[in-house]
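Biologist: I would like to learn how to read a structure like this one, feature by feature. Could we start with the general idea each time, and then turn to the case at hand?

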Protein chains: 2
Amino acid sequence: MNFKISKRAFQSALNIVARAISSNSPLPALSGIKMEVEHDSITLTGSDSDISIQTVLHGSDEDCGLIVKEAGSIVIEAKYILEIVRKIDADEIELEIVDGSLTRISGMSAEFRINGMRAMDYPAIDFTRPSQQLQMDADLLLKIISQTTFATSDRETRPVLTGVNMKCNGSHLECVATDSYRLAKKTVELDSENHFNITIPARSLNEVARTIDSDGKIQIAVSDKKAQFWIGDTVIQTRLIDGAYPETERLIPTEFQHELTVDSRDMLSAIDRASFIKNEGISIVKMSANSEEVVISSKSQEVGSSVENLNIIQYEGNPLEISFSGKYVFEAIRVLSATTIKIFFSGEMKPFIIRNVDDDSILQLVLPVRTYS
Amino acid sequence: MNFKISKRAFQSALNIVARAISSNSPLPALSGIKMEVEHDSITLTGSDSDISIQTVLHGSDEDCGLIVKEAGSIVIEAKYILEIVRKIDADEIELEIVDGSLTRISGMSAEFRINGMRAMDYPAIDFTRPSQQLQMDADLLLKIISQTTFATSDRETRPVLTGVNMKCNGSHLECVATDSYRLAKKTVELDSENHFNITIPARSLNEVARTIDSDGKIQIAVSDKKAQFWIGDTVIQTRLIDGAYPETERLIPTEFQHELTVDSRDMLSAIDRASFIKNEGISIVKMSANSEEVVISSKSQEVGSSVENLNIIQYEGNPLEISFSGKYVFEAIRVLSATTIKIFFSGEMKPFIIRNVDDDSILQLVLPVRTYS
């Protein structure tokens, strides 16, 4: 193996595949980046076995400056190759296997010789593209991810809740996340027809979001075992979470007795202030609403209390007293990216719904908390 | 106690005194900020008993917007008061003791009631100004601190080495830091005469540096027990480290057989690259110099090796092979803020000296490392 490549192109490709690599990998080879050099391309692979990222650098791409003198393959510890390429102060970088798996990496007057690992010791990862395919704007995929993943569970007791459920019936795609105390549901109309019901780990979706830097189209391919996101010459492949996703539709109330309309920023900052008062690390915020005023308050034996008159646009319905997790409501409102929000309540102990008045594709649901004060 | 004050002025004063507060304070009262309100001023104090910071807000200062309705004093948990003042979205903040030590903090429509602590439970801190006094430009003090503190020891085995020794003989001030493997010495000519020999904890000096945001004059007052730095209405007071500081003058060689002149950035990036190869977390860099070339290299059984030809300005002397800690030499060169540096060697196993060719007030010394390769 022996090739020259533009430092900038190589570094950016290495950074992309390195995202899949976990610092405490079970297999030593998975702490490395696999490089497969053919006569006119380099394929880079990084994986932690849950997520795998592969990207191809082509000799035909001028910015890439790739000149292959000899094909071959090697695996080099991700943190070594990333840091060396970053530190080498040259436009062009040269890599060559000099002896067994000892690899020379050089640029300008600096030269490193690094102990690599044999590519044959790297696990085989199947990147075949499944047949169920759809495409969507990068912007839309980013929005789906940011508006749902935060509501997934971070506990492994019910693994299926650590992912976002994506159910496609024809051109209608529903993406749902819940940790059983809150729920986010995004509805999207696609321009192709598919039928699937899969649950993608939230962590994988967040990696996909971090890798999207263009505003083009993303190709998505799914089977019942894996999902792939194609962004140009890069594919991010993730395993799916096994198990049936709970039926959530019946949890979402459809009739409401109280309705609060409020500026999103006013509500966020009032909750942020009230959330400062914590009980054992948790902020419970109380809202007391009537036709005259809406008061946000919080209380803790140890710290003290807060109270403020919320600046509202409108409140309709009978008086209501309800308590909720400040964190949950704050996060739900934040991802709506709304100017004005509406909150629909159907009672003190019933789940309530938060919506962006300008975008009905996204629904946020939060369960209230019982308090004894 | 009852007063109104500009949020901006109050917040910035709270942030300053909070710097002295340690998150794991032995005394509960020291996790708070003491506020002493008199008829036309507020004195804020924060301390961890090693460092104490006090600042005064005056009613006569218009930007401060201070209006005192009732004098009094209270101690409020630093993290509470800082976060509440930050979160209150108002130009003016009001504080009032409402019941015992329960304190109302309010602004706009938001109101907090926080459990405070009685000011009488706060330890007495003597801020009397010692008689030995000098003044210096803020810039110069910042330079002294940045060029010396990094070379202090972080081990408590020899406490005196965790501080910077400041020895003043007339108008001549020498500031020395060493961890016994490297040494930094800054020499300053003052415009007043004093005689003292004190050792100030590096941590205190770093806090002083963080608090200096002006380019005015700093007043320094020292006794054999404490040092004070006066910056406007703020005083930072630190305990001194007991014990005789070692005589370091005789450790600094005065005769040299080899002299390397090199662009500071070239040397820093070559060392940075070579330092990447670590042995058990430590980077040993080898320099091989002769009249033809200067080669920087490093080696590790596990990772691999690096080698590069250093771009030099001049090398005078016989051939030399010397090894040193990459981290120590890198840090020493970085704080010189030099364009061109000179390194003076007197042999493979002798300490060497690094200087900024344009500033002879600062000297950096590093001990070489013995290697067996």
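Modeller: Two strands are said to pair if DSSP finds at least two bridges between them. Please keep in mind throughout that this is a predicted model. With that rule, strand β23 (residues 352–356) of chain B pairs with strand β24 (residues 359–366) of chain B in the antiparallel sense, over five bridges.

Biologist: Which residue is the bridge partner of Asn356(B) in β24(B), and how many residues join β23(B) to β24(B) in the hairpin?

Modeller: Asn356(B) has Asp359(B) as its bridge partner, and the hairpin passes from β23(B) to β24(B) through two residues.

Biologist: With which other strand does β23(B) pair, and in what sense?

Modeller: Strand β22 (residues 340–345) of chain B pairs with β23(B), again in the antiparallel sense, over four bridges. Within that pairing, Ile343(B) is bridged to Ile354(B). These two strands also form a hairpin, here with six residues between them, and Gly347(B) in the turn has a positive phi of about 140°.

Biologist: How should I read the burial of a strand, and is β23(B) mostly covered or mostly open?

Modeller: In a regular strand the side chains alternate between the two faces of the sheet. A residue counts as buried under 20% relative accessible area, and on that basis β23(B) is mostly covered, with four of its five residues buried.

Biologist: Let us go on to helices. Which residues of α5(A) are buried?

Modeller: An α-helix has 3.6 residues a turn, so residues three or four places apart point the same way. In helix α5 (residues 264–275) of chain A, the buried residues are Ser264(A), Met267(A), Leu268(A), Ala270(A), Ile271(A), Arg273(A), Ala274(A) and Ser275(A). At the start of α5(A), a side-chain oxygen of Asp263(A) comes to within 2.9 Å of the backbone nitrogen of Arg265(A). The length can be checked as well: because twelve residues at 1.5 Å a residue should span 16 Å, the 16 Å between the end C-alpha atoms of α5(A) agrees with expectation.

Biologist: How many residues of helix α6 in chain B are buried, and what is the phi of Ser337(B), which follows α6(B)?

Modeller: Helix α6 (residues 326–335) of chain B is mostly covered, with seven of its ten residues buried, among them Tyr328(B), Val329(B) and Ile333(B). The phi of Ser337(B), after the helix, is positive, near 45°.

Biologist: What is the volume of the second largest cavity, and which residues line it?

Modeller: The second largest cavity has about 50 Å³ of space, and the residues lining it include Leu134(A), Met166(A), Ile198(A) and Val222(A). By class this lining has ten nonpolar, no polar and no charged residues.

Biologist: Finally, is Gln364(A) buried or exposed?

Modeller: Gln364(A), which is found in strand β24 (residues 359–366) of chain A, is buried, because its relative accessible area is 1%. A polar atom of the Gln364(A) side chain lies 3.2 Å from the backbone oxygen of Gln147(A).

Conventions: Residues are numbered from 1 along each chain as its sequence is written. Chains are lettered from A and ligands numbered from 1 in the order in which they are written. This is a predicted model: local features need pLDDT of at least 70, side-chain atom pairs count only at pLDDT 80 or more; totals for chains, interfaces and linings use all residues. Side-chain values use heavy atoms; hydrogens and water are left out. Buried means under 20% relative accessible area, exposed over 50%, partly exposed in between (1.4 Å probe, protein chains only). On a 1 Å grid over the protein atoms alone, a cavity is a set of points where a 1.4 Å probe fits but cannot get out, and a pocket is an open set with protein on both sides within 12 Å along at least five of seven lines; lining residues have an atom within 4 Å of a point. Grid points are joined across faces, edges and corners, and a volume is the space filled by probe spheres set on the points. Ala, Val, Leu, Ile, Met, Phe, Trp, Tyr, Cys and Pro count as nonpolar, Asp, Glu, Lys and Arg as charged, and the others, Gly among them, as polar. The expected span of a helix is 1.5 Å times one less than its number of residues. A polar contact is a pair of N or O atoms within 3.5 Å; within protein, one must be able to donate a hydrogen and the other to accept it, and residues adjacent in sequence count only if both atoms are side-chain atoms.
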